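Me: I would like to learn how to read strands, cores and helix packing in a model, one feature at a time. Could you take me through them with the structure in view?

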Amino acid sequence: CFRMSSRHFIAMACEHASDAFFAKGERIMTCGPSAGGHDHVYVLLAGRARVEDQLSGCLLGELSAGEVVGEMDCVDCQEDRDTVVYAGKQGLVHCVRLRRESVNASIRAFPTEGDLLRDRFRIRQAAFSSALSIRQTWLMFSVLPALRSSPIFARCTNEMLLKIGMGLSTNTFEPGEDIAVAGVPCQSMSFMLDGTAEVWSRDGQIVGQLTKGAPFDEVLVLGLFYMHVATVRAVDGPCTVLPVPASALTEAVRIGQLPGKPAVDMFMELRESRQSQVEQGLPLSALPLRILPGDLAVRAVALHSERLDLPAGEVLMPLVDSSPCGPHFLVLVHGRAIIEITHSGHEAMKVLQGTLLPEGLLADNAARMRATIGCEVYRVRQSEFKVLVSQTTDWLNTFHRLEKEAYSSCRARLKSARAVCQFSRTRSKAVVPQVHVAWDRPPTPSGGAVRRQAGSFNPLIQHQLTLDDVRPSTPQPIPSRRLAKTLPALCLDSNGSKGPLRNFDLPSAVGRCYSSPGRLVSKKSPALRKRRQGSQAKLHESTKCM
């Protein structure tokens, strides 16, 4: 900063100067409207310093050797936000401490040097504002959606999520690097913001894959476990990972407030729910596997399972196998539900307690689960199941057989339901014949005839007609035997009466009668039985005229 300054200006400014040393992470000074005035100005001689926003904890920038801190009072400038300057994490920071009176005297003696300091301060403030804006955009469009994808933060407000995300920073891993190692102690969960990683079991087998948006190691941030259970390794390009330490969650929960109750109560309920799952061995103990809740593998799966409570009528949309965390399966522990086709609502199958459902199969067939009464459902990741359950577990073969049977049964029922939906759509697209009828009415004053729009009513039901007065508008083929038997019933109204009708299209009118919502005369009506013989004879005569 003083590289181009004159010797006399530097000599006046450094009068009564002293050395100051700060350990890594130590606070150097606080600047801003609420910080008040300062008696000293610091110039970095060695090391690096971090400038953070005091309210949000956001990193605004870093200062290197030669930068000045606390000069705003000397150049008559004010910061628009409170900032805190910390010593960098690389090591010891060496500064020279200048007295404010000496710096003011040198600026009065050399106004040009004061203008350079003022311009430098304004450029730095503009850079800090830009960094804060970029940080807020990153929080809103990257961090908040990632946090909401985890069931732990699903009920948190935006204020709580912003408080958690303000102090977070990302880590980048190249292909082949280990993001997490099984058995290593840790107290933070992580989110995949970019890239692809593989999940390795303790046996050295790849059991799953994590993609953009996938959370993992959620139980660590809840304080229910203390080390990684699987090895996560980057495989596709640089992987950007966002770690969320338990301390950030604890601080946000301490001051957070949810609708109706403090946030700390919600997280305590979540912890107690997971602990209850472990004690009961849910959800695996609800399956017909003949296992005990105290089984170690059963308790481990219960610790990592997500509980979903569905009120009556609530819908659960399944996850596809290509979701960020990979394939899942569902277990209905309590209640009853149905599997229905999403777009049509056709019921495919009923689901009773103790049923295992492959979630990816439901998603591929556009199906969903609807609770008929209150349901308690558990969602389990396939990758975590394979990591936690050893291949030598005695009930594992029984589970695989049950899983295979559930898949085959569910696929067959979904296939039948989709066929019914397809048949229903095909029938709904059938073309209904329209009636074009010209009625003879008394002449209008202009001498013309009144014509009525076709299809607005059912003439054969709502009006009296006589079979002798029927005249087709164009030559038509002779009706079939079935039509000849049905026409006497169609040519009568509900009272068995007859009336005049001329010039209508016979086949179209009959087709319209079948598709009309009006009530047809039954063949068993008394009026029809009295005129059966005469109607058939008149029909024969009318067909000859055609």
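Me: Which residue stands opposite Arg-379 in β24?

Reply: Two strands pair if DSSP finds at least two bridges between them, and here Glu-306 stands opposite Arg-379 in β24. Strand β17 (residues 306-310) pairs with β24 in the antiparallel sense over 5 bridges, while strand β19 (residues 328-334) is joined to β24 by 6 bridges, also running antiparallel; there, Val-331 has Tyr-378 of β24 as its bridge partner. Strands, like helices, are DSSP runs numbered from the N terminus (E, at least two residues, for strands; H or I, at least four, for helices). This is a predicted model, in which local features need pLDDT of at least 70 and side-chain atom pairs count only at pLDDT 80 or more, whereas totals for chains, interfaces and linings use all residues. Residues are numbered from 1 along each chain as its sequence is written, and side-chain values use heavy atoms, with hydrogens and water left out.

Me: Which way do the side chains of β24 point, and are they buried or exposed?

Reply: In a regular strand the side chains alternate between the two faces of the sheet. In β24, Cys-375, Val-377, Arg-379 and Arg-381 point one way and Glu-376, Tyr-378 and Val-380 the other way, and all are buried (under 20% relative accessible area, with exposed meaning over 50% and partly exposed in between, for a 1.4 Å probe and protein chains only).

Me: Which residues touch the most other members of the largest nonpolar core?

Reply: A nonpolar core is a set of buried Ala, Val, Leu, Ile, Met, Phe, Trp, Tyr and Cys residues joined through side-chain atoms within 4.5 Å. Of the 40 residues in the largest one, those touching the most other members are Ile-179, Met-192, Leu-284, Phe-385, Trp-395 and Phe-399. Apart from it lies another core, of 36 residues, among them Val-143 and Phe-191.

Me: At what angle do helix α3 and helix α4 pack?

Reply: Axes are lines fitted to C-alpha atoms, for helices over the stretch in contact (heavy atoms within 4.5 Å), and angles run from 0 to 180 degrees between N-to-C directions. Helix α3 (residues 111-148) and helix α4 (residues 158-166) pack at about 110°, their axes 10 Å apart, which makes α3 roughly perpendicular to α4 (65 to 115 degrees; under 35 counts as roughly parallel, over 145 as roughly antiparallel and the rest as oblique). Among the residues that meet are Leu-139 and Val-143 in α3 and Leu-161 and Ile-164 in α4.
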